[in-house]
Amino acid sequence: MSDFQRISPETAAQLLEADACVVDIRDPQSYHTGHISGAQRLDNDNVQQFVATADRQQPLVVCCYHGNSSQQAAAWLAGLGFNQVYSLDGGFELWQQQFPTLVSRG
């Protein structure tokens with residue numbers, strides 16, 4: 001399995017400014033309540049479509065609740081050939097504390 005990197009919200013924000021893709025693996029209700037602006041929700045129903053169509057050279061940030069589940073998902077995506085995969089330390093909980101203006105709802 002290929003490597004991924006754990007990154008801080010600050011580093012993730014820099015990557016997002018540089019056009020990284022962000023995926024959110026939380027449940028639909030949590031995503032709807034709030035998510036990183038521009039994040040795509042990824043689940044068992046759409047992951048194969050995402051893998052088939054995503055640019056594997058584009059940096060990919062994986063977000064979950066607190067930064068634990070995203071590590072497993074990031075490792076899995078890296079193993080599928082995504083070139084630059086990152087797991088967001090602290091997950092969405094830390095992100096919304098540090099970057100409340102970069103949170104979308106709905």
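Predicted model: local features only at pLDDT ≥ 70, side-chain atom pairs only at ≥ 80, totals over all residues.

1. A residue counts as buried when its relative accessible area is under 20%, as exposed when that area is over 50%, and as partly exposed in between. Arg 41, with a relative accessible area of 18%, is therefore buried.

2. Arg 41 has a charged partner: Asp 43 forms a salt bridge with Arg 41, and the closest N and O atoms are 2.4 Å apart. Asp 43 has a relative accessible area of 23% and is therefore partly exposed.

3. The structure contains 3 salt bridges. As a general point, side chains of opposite charge can pair when their charged atoms come close. In another of these bridges, Arg 26 pairs with Asp 24, with 2.8 Å between the closest N and O atoms. Both Arg 26 and Asp 24 are buried.

4. A further salt bridge joins Arg 6 and Asp 89, whose closest N and O atoms are 2.8 Å apart. This pair links distant parts of the chain, since Arg 6 belongs to strand S1 and Asp 89 to the loop between S6 and H5, 83 residues apart. Arg 6 is exposed, at a relative accessible area of 52%, whereas Asp 89 is partly exposed at 24%.

5. In what order do the strands of the open sheet lie? The sheet has 5 strands in the order S1-S6-S5-S2-S4, and their pairing is parallel. Strand S1 (5-7) and strand S4 (40-41) stand at the edges with a single partner strand each, so one side of each has no neighbour in the sheet.

6. At one end of this order, strand S2 (residues 21-24) pairs with S4 in the parallel sense over 2 bridges. Within this region, Val 23 stands opposite Gln 40 in S4.

7. Helix H4 (residues 69-79) lies across S1, S5 and S6. Relative to S6, helix H4 runs at about 175°.

8. Which residues of helix H5 (residues 91-98) are buried? They are Gly 91, Phe 92 and Trp 95. Seen down the axis of H5, the buried residues fall within an arc of 100°, so they line one face of the helix. In general, an α-helix has 3.6 residues a turn, so residues three or four places apart point the same way.

9. The cover over the buried residues of H5 includes helix H1 (9-17). Strands also contribute to this cover, among them S3 (35-36), S5 (60-63), S6 (85-88) and S7 (103-104).

Methods
Residues numbered from 1 in each chain as written. Heavy atoms only, no water. Buried < 20%, exposed > 50% of the residue type's maximum accessible area, 1.4 Å probe, protein only. Helix = DSSP H or I, 4+ residues; strand = E, 2+ residues; numbered from the N terminus. Arc of directions from axis to C-beta. Contact = heavy atoms within 4.5 Å. Pairing = 2+ DSSP bridges. Axes fitted to C-alpha atoms, helices over the stretch in contact; angles between N-to-C directions. Salt bridge = Lys/Arg side-chain N within 4 Å of Asp/Glu carboxyl O.
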